[in-house]
Amino acid sequence: MTDIPEDAQIEEAEEIVAKTKDFVRFLIAKRSDDYKCSQCGANTWSIHNESGLALDKPSGDGLNGESPVIEFEHDIRNYELAGITYGIHCSNCGFIVFTLASIVNNWVKENPADEVHEE
Ligand SMILES: [Zn+2]
């Protein structure tokens, strides 16, 4: 028995795409406040989407926009893997951290924005 998802489950997950602001909520919920870059130790991050990559725009400008989707496809031995991830990159050294989209999307489904009470 394995936990490797069937192809069908991956495709189902792709249909639900988290918005950038949902991804940010996920990151805040799952990672520590001082989450540091494993390469350089900085703790300033940008969302790896079009808005995040445009350095002349104020940060946060793209929060309601497109999801930070990065598609990947690669082979591990004889297994073909394809899917989508969401990415953030270190503002200091550019190191990119990928997060599997299906995990974020499932979390967003269980934690919709409307039910979050900020105090
Ligand atoms: Zn870095």
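Mentor: His74 stands opposite Leu81 in β3. Keep in mind that this is a predicted model.

Trainee: How many bridges join β2 to β3, and do they run parallel or antiparallel?
Mentor: Eight bridges, and the two strands run antiparallel.

Trainee: What sits between β2 and β3?
Mentor: Two residues; the strands form a hairpin. Arg77 is in the turn, with a positive phi of about 50°.

Trainee: OK, zoom out. What is the order of elements?
Mentor: From the N terminus, α-α-β-α-β-β-β-α. That makes four helices and four strands.

Trainee: How much of the protein counts as buried?
Mentor: 18% of the 119 residues.

Trainee: And which residues make up the largest nonpolar core?
Mentor: Seven of them: Ala18, Phe23, Phe26, Ile84, Tyr86, Ala101 and Val104. At least two core residues come from each of α2 (20-30), β3 (79-90) and α4 (101-110).

Trainee: Let's take α4. Which of its residues are buried?
Mentor: Ala101, Val104 and Asn105. Their arc around the axis is only 95°, which puts them on the same side of α4.

Trainee: How do the axes of α2 and α4 cross?
Mentor: At roughly 90°, and they come within 10 Å.

Trainee: Switching topic. Where is Leu100?
Mentor: In strand β4, residues 96-100.

Trainee: Is Leu100 buried or partly exposed?
Mentor: Partly exposed: 16 other C-beta atoms lie within 10 Å. Buried takes 20 or more, and exposed means 12 or fewer, so Leu100 falls in between.

Trainee: How far is Leu100 from Gly87 in space?
Mentor: 8.8 Å, C-alpha to C-alpha. In sequence they are 13 residues apart.

Trainee: Last one. Of the contacts between residues at least 6 apart in sequence, how many join residues at least 24 apart?
Mentor: 58% of them.

Conventions: Residues are numbered from 1 along each chain as its sequence is written. This is a predicted model: local features need pLDDT of at least 70, side-chain atom pairs count only at pLDDT 80 or more; totals for chains, interfaces and linings use all residues. A nonpolar core is a set of buried Ala, Val, Leu, Ile, Met, Phe, Trp, Tyr and Cys residues joined through C-beta atoms within 7 Å. Two residues are in contact if their C-beta atoms, placed from the backbone, lie within 7 Å. Two strands pair if DSSP finds at least two bridges between them. The arc is that of the directions from the helix axis to the C-beta atoms. Axes are lines fitted to C-alpha atoms, for helices over the stretch in contact, and angles run from 0 to 180 degrees between N-to-C directions.
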